[in-house]
Amino acid sequence: MTMHPALLAAGLAFLVAPLFAAGPYVMHLLIQILLWGFVYTAWSMMGRFGFVSLGHGAFMGLGAYVPALLWNYYGVTPWLGIPLGVALAVLLGVVIGYPCFRLKVIGHYFALVTLALSQVVLLTIVAARDITGGSLGLTQRAAGFSWYALQFPDKRYFYVIALVMWLGGLAIWRAIDRGIGRQVLDAVSEDEEAAAAIGIDVLREKLRVTVVSAALTALGGAIFGQYLMYLNPETVSGIAVSLQIVFAAIVGGMYAMLGPTVGGLLTISLNEGLRVAFGTNFIGAANTIYGILLVLCIIFMPRGILGLAERLAPRRPRTKTVAAE
Amino acid sequence: MDIYLVEAMINGVLLGGVLALLALGLNLIFGVIDVVWIAYADIVMCGMYLIYLLYAGLGWPLLAACAVAIIASAAFGILVHLLIIEPILGSAPINQLLATGGLLFFLQSFATLLFGTDFRNLGIRLPIIELGDIYISYARLMAFAVALIGAVALYLFLKRTFIGTAIRAIAQDRDIIGLMGADQRRIYLFTSMIGGGLAGLAACLLALQYDVHPFIGNTFGPLIFMICVLGGLGDMIGGFVAAFVISQIIAIGGYYANTELSYVLAFTFFIVLMFVRPRGILSR
């Protein structure tokens, strides 16, 4: 799939334009969409091969809390803290992934084991409240504008960071698609025994995609922490975040490269739209509709919006607006 | 032995009863329909709110409120199956889990919409029993007893009645049951009804002990999935054992450290045991 150069240039211009045109509120939404889109994309790297993890809140929590704690207590720069958080998330991913894949813990069971994992990280953060602030959350020590502390009061810096990360995430997705890994993993998710019989090292391939997914998710969590300058165990870890990741990825379509991002775009605009429409008097209104939409989505289009678009597109090649259906 | 530790352990046993009841309902649905209702604990939450509404709001007698809650939860179980599970019975099992996850979001936020995030309680203070220096809450003791009776009744129902036998048979072989003259759809609906009813019964027992708030399901929901899986699919006795093992870990862990760490311990125990005994705690 090659892109027309003009289209590419238009796309780039579209992505760069907010730097000059967008106010702080729109900028805030865009950063959130990009960062969440990045995390959803990372999740889908596993999800599309049939490993539905409910444990990505754990990776995100580690990625967010490790650099923040190191910075607050020891003044360690996030430039060291973030890689450490990512490394710990990868380690955790392997510690859980290896026995799961080895013992063929799949489907429901994989989902429940990873769910337990995200609970473990969430509750550990809450339990260590003397250090982490527990459920009250944690505020990073402010340093003003600082490359060393990776803190920028100007949102545009984070927009660029989020944009680069998001593009990087898509590039990794492409790399997995183009590499041998894609065929291998497709084969594995279709029929594991057959794949093993033709000489595929199933375990290694699964672990590899798990490591990438965990690392990117942790990175997303870390940058989120740097951007918001406030961490709360409920918003970066735990079952709610894990489910949110899964849903957005599914609604957008986890089998297409841009699907998870579409999921992010949709869920965040939906949330904001409902918040504006209903005001803060109706806490929960947004999630009520959100919940109903999720159920409907899974029943009527389990491959998500982009999945649906892809399926409709070849049949009606001239319709340009299929994505809107 | 330390008297407080004994007290913690007794409370652990009493909590185990209610957890076992919930895990039983979930196990039934998981075993028969092969679906994980990730929103199961939130159905309990709805039941608790209904009791609160009828008893504290409208002044109904407690028993009547409880009876209505059980019936409503059972009806809700049927609805969940008809509206959410049945349309996607043929698709990947994980989709069914996620669809009920949407239900979880819906129920939690709908409860927030209706009741706000305040903690509500029934305002009933049941007496506390003193045994020497050990204090046992009467509400917990009663919950334990009712949970046990409920479990035994379910056991007898599954063993002694025709539909109970059909339910057990379908859990063993989904494809062949049609040939035996049992209506699969009716059995699924019946199972969902019982599952919902058990959630309603648990709601009655929990409403006496805990304040209800929209997110109460998140605190014990994950626990009952763990118990259900730990016990082994379709293994009711295994589920019972697992409920008490988990509740003891929580009780004793809570005594030596704190509540959150005891949960961390319980979840870690679950993960490790999944790898050591993937087919359940009592499997050989």
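Biologist: Let's start with Leu150(A): is Leu150(A) buried or exposed?
Modeller: In this predicted model, Leu150(A) has 23 other C-beta atoms within 10 Å. A residue with 20 or more such neighbours counts as buried. With its 23, Leu150(A) is therefore buried.

Biologist: Thanks! And what is the phi of Leu150(A)?
Modeller: Leu150(A) sits in the loop between strand E1 (138-139) and helix H8 (155-178) of chain A. Most residues other than glycine have a negative phi. Leu150(A), although not a glycine, has a positive phi of about 55°.

Biologist: How are H6(A) and H4(B) set relative to each other?
Modeller: The axes of H6(A) and helix H4 (residues 93-115) of chain B come within 8 Å and cross at roughly 45°. Angles under 35 degrees would be roughly parallel and 65 to 115 roughly perpendicular. The crossing at roughly 45° therefore makes H6(A) and H4(B) oblique.

Biologist: Which residues of H4(B) take part in that contact?
Modeller: By class, the contact of H6(A) with H4(B) has four nonpolar, two polar and no charged residues. From H6(A) come Gly107(A), His108(A) and Ala111(A). In H4(B) they meet Pro93(B), Ile94(B) and Leu97(B).

Biologist: Within chain A, what is the handedness of the crossing where H3(A) passes H14(A)?
Modeller: The axes of helix H3 (residues 24-47) and helix H14 (residues 259-278) of chain A come within 8 Å and cross at roughly 140°. That angle makes H3(A) oblique to H14(A). The contact includes Trp36(A) and Tyr40(A) of H3(A) and Leu265(A) and Ile268(A) of H14(A). As for its hand, the crossing is right-handed.

Biologist: Which residues does Thr267(A) touch, leaving aside those up to four places away in sequence?
Modeller: Thr267(A) is found in helix H14 of chain A, where 24 other C-beta atoms within 10 Å make it buried. The C-alpha atoms of Thr267(A) and Ala249(A), 18 residues apart along the chain, are separated by 9.9 Å. With residues up to four places away not counted, Thr267(A) touches Ala248(A) and Val251(A).

Biologist: Now chain B: why do the buried residues of H6(B) line one face of the helix?
Modeller: The buried residues of helix H6 (residues 162-172) of chain B are Ala166(B), Ile167(B), Ile170(B) and Ala171(B). Seen down the axis of H6(B), they line one face because they fall within an arc of 140°.

Biologist: Which exposed residues are on the face of H6(B) turned away from its buried side?
Modeller: On the buried side, what covers H6(B) includes helix H1 (3-33), helix H5 (138-160) and helix H7 (184-207) of chain B. The face turned away carries the exposed residues Phe162(B) and Gln172(B).

Biologist: Last one: how is Gly59(B) classed, buried or exposed?
Modeller: Gly59(B) lies in the loop between helix H2 (40-57) and helix H3 (62-85) of chain B. Its C-alpha atom and that of Val44(B), 15 residues apart along the chain, are separated by 21 Å. With 8 C-beta neighbours inside 10 Å, Gly59(B) counts as exposed.

Conventions
Residues numbered from 1 in each chain as written. Chains lettered and ligands numbered in written order. Predicted model: local features only at pLDDT ≥ 70, side-chain atom pairs only at ≥ 80, totals over all residues. Buried ≥ 20, exposed ≤ 12 C-beta atoms within 10 Å, placed from the backbone. Helix = DSSP H or I, 4+ residues; strand = E, 2+ residues; numbered from the N terminus. Arc of directions from axis to C-beta. Contact = placed C-beta atoms within 7 Å. Axes fitted to C-alpha atoms, helices over the stretch in contact; angles between N-to-C directions. Parallel < 35°, antiparallel > 145°, perpendicular 65-115°, else oblique. Left-handed = near helix turned anticlockwise from the far one by under 90°. Nonpolar A, V, L, I, M, F, W, Y, C, P; charged D, E, K, R; others polar.
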